[in-house]
Amino acid sequence: MKKGDPAIKDVYETLAKEFKKNRTPVVDLIEVQTGSPFKVLIATILSARTKDEVTAEASRRLFERVSNHHELKKLTEEEIRELIYPVGFYKNKAHHLKLLPDVLEKEFGGEIPQDVDALTKLPGVGRKTANLVVAVAFKKPAVCVDVHVHRIFNRLGYINTDTPLETEMELRRIFPEKYWTTFNSYFVSFGQHRCSPLKPKCGGCPIIKHCASRG
């Protein structure tokens, strides 16, 4: 795939239409409902290796108690564990969330940073989480690569990469920046509802003509 390839535009616009037919990914939904970068960050941390339904419920319970880092700081790690269970790796995530307020205050004056490198200094925040927060919470260009994005772009045959980090770097090179802010939401929704890891629903796929893996 090369920058300017008309297939890129077609795939992007087709998946944008498909996105409107499906349930909105939980992190996008929280941004729409709250407009809070803090809550988007927390929900994104919780969402790693966790189904959206579980993330949504855990976020709801936590946000009934917490709306900012000052309130999060008052909770014990055990309380956080109980509120976010059963998200994946909930013990590790509870530990990171307990550390988060102090790091935010010490390093960033209590504000959620708006660039990827700064965000990755926060406990429990890797590049995927940081890119998603930049794109969703701040509407700034960021290439967020999760398992869906990594799988689908390789399955389409547009790239040939082994890791999400390699995929991010390759997409930064070839994927038009005007699509960066929203493409993750479209590809995640597509991956959840059709292009799944096992037994993807290829019959009737709206982008099958662009797919190198079509049978």
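Visitor: Which residues do ring pairs link into a cluster?
Guide: This is a predicted model, and a search of the whole structure finds 10 aromatic pairs in it. Ring pairs join several Phe and Tyr side chains into a cluster. The members are Tyr12, Phe19, Phe153, Phe175, Tyr179, Phe183, Tyr186 and Phe187.

Visitor: What is the geometry of the pair formed by Phe153 and Phe175?
Guide: A pair of aromatic rings is described by the distance of the centres and the angle of the planes. For Phe153 and Phe175 the centres are 5.4 Å apart and the planes stand at 85°. Planes over 60 degrees apart count as edge-to-face, so the pair of Phe153 and Phe175 is edge-to-face.

Visitor: How many residues apart are Phe153 and Phe175, and where do they lie?
Guide: Phe153 belongs to helix 10 (residues 147-156). Phe175 sits in the loop between helix 11 (164-174) and helix 12 (180-193). The pair links distant parts of the chain, with a separation of 22 residues.

Visitor: Are Phe153 and Phe175 buried or exposed?
Guide: The cut-off for this class is under 20% relative accessible area. Phe153 and Phe175 both fall in it, and are buried.

Visitor: Which residue lies over the face of Phe63, and at what distance from the ring centre?
Guide: The criterion for a charge over a ring includes a distance within 6 Å of the ring centre. The residue over the face of Phe63 is Lys39, at 5.2 Å.

Visitor: Which residue forms a salt bridge with Lys73, and where does each partner lie?
Guide: A search of the whole structure finds 15 salt bridges. In one of them, the closest N and O atoms of Lys73 and its partner are 3.1 Å apart. Lys73 is in helix 5 (residues 69-74), and the partner, 29 residues away, is in helix 7 (residues 90-108). That partner is Asp102.

Visitor: Which salt-bridge network includes Asp117 and Arg127?
Guide: Asp117 in helix 8 (residues 116-119) and Arg127 in helix 9 (residues 127-138) are 10 residues apart. They form a salt bridge, with the closest N and O atoms at 3.8 Å. Asp117 is exposed at 52% relative accessible area, whereas Arg127 is partly exposed at 30%. Through shared partners, the network consists of Asp117, Arg127, Glu168 and Arg172.

Visitor: What separates Arg173 and Glu170 along helix 11?
Guide: Arg173 and Glu170 form a salt bridge whose closest N and O atoms are 2.6 Å apart. Arg173 is exposed at 53% relative accessibility, and Glu170 is partly exposed at 23%. They are 3 residues apart in helix 11, so their separation is about one helical turn.

Visitor: Which residues does Ala142 touch, leaving out residues up to four places away in sequence?
Guide: Ala142 lies in the loop between helix 9 and helix 10, and counts as buried at 2% relative accessibility. Ala142 and Leu132 are 10 residues apart in sequence, with their C-alpha atoms 7.1 Å apart. The residues touched by Ala142 are Asn131, Val134, Ala135, Trp180 and Phe183.

Visitor: Which element gives the most residues to the lining of the largest pocket?
Guide: The largest pocket has a volume of about 900 Å³. Its lining comprises 37 residues, with Ser47, Ala48, Arg49, Lys128 and Asp146 nearest the centre. Elements giving two or more residues include helix 2 (26-34), helix 3 (37-47) and helix 4 (52-65). The most, 5 residues, come from helix 9.

Visitor: Where is the cis peptide bond that involves Pro86?
Guide: Pro86 is in the loop between helix 6 (77-84) and helix 7. The cis bond has an omega of about 15° and joins Tyr85 and Pro86.

Visitor: What phi does Phe89 have, and what phi does Lys199 have?
Guide: Phe89 is in the loop between helix 6 and helix 7, while Lys199 is in the segment after helix 12. Lys199 counts as exposed at 79% relative accessibility. Phe89 is not a glycine, yet has a positive phi of about 55°. Lys199, also not a glycine, has a positive phi of about 55°.

Note on methods. Residues numbered from 1 in each chain as written. Predicted model: local features only at pLDDT ≥ 70, side-chain atom pairs only at ≥ 80, totals over all residues. Heavy atoms only, no water. Phe/Tyr/Trp six-rings, centres within 6.5 Å; stacked < 30°, edge-to-face > 60°. Helix = DSSP H or I, 4+ residues; strand = E, 2+ residues; numbered from the N terminus. Buried < 20%, exposed > 50% of the residue type's maximum accessible area, 1.4 Å probe, protein only. Lys NZ or Arg CZ within 6 Å of the ring centre and 35° of its normal. Salt bridge = Lys/Arg side-chain N within 4 Å of Asp/Glu carboxyl O. Contact = heavy atoms within 4.5 Å. 1 Å grid on protein atoms, 1.4 Å probe; cavity = no way out; pocket = protein on both sides within 12 Å on 5 of 7 lines; lining within 4 Å. Points joined across faces, edges and corners; volume = space filled by probe spheres on them.
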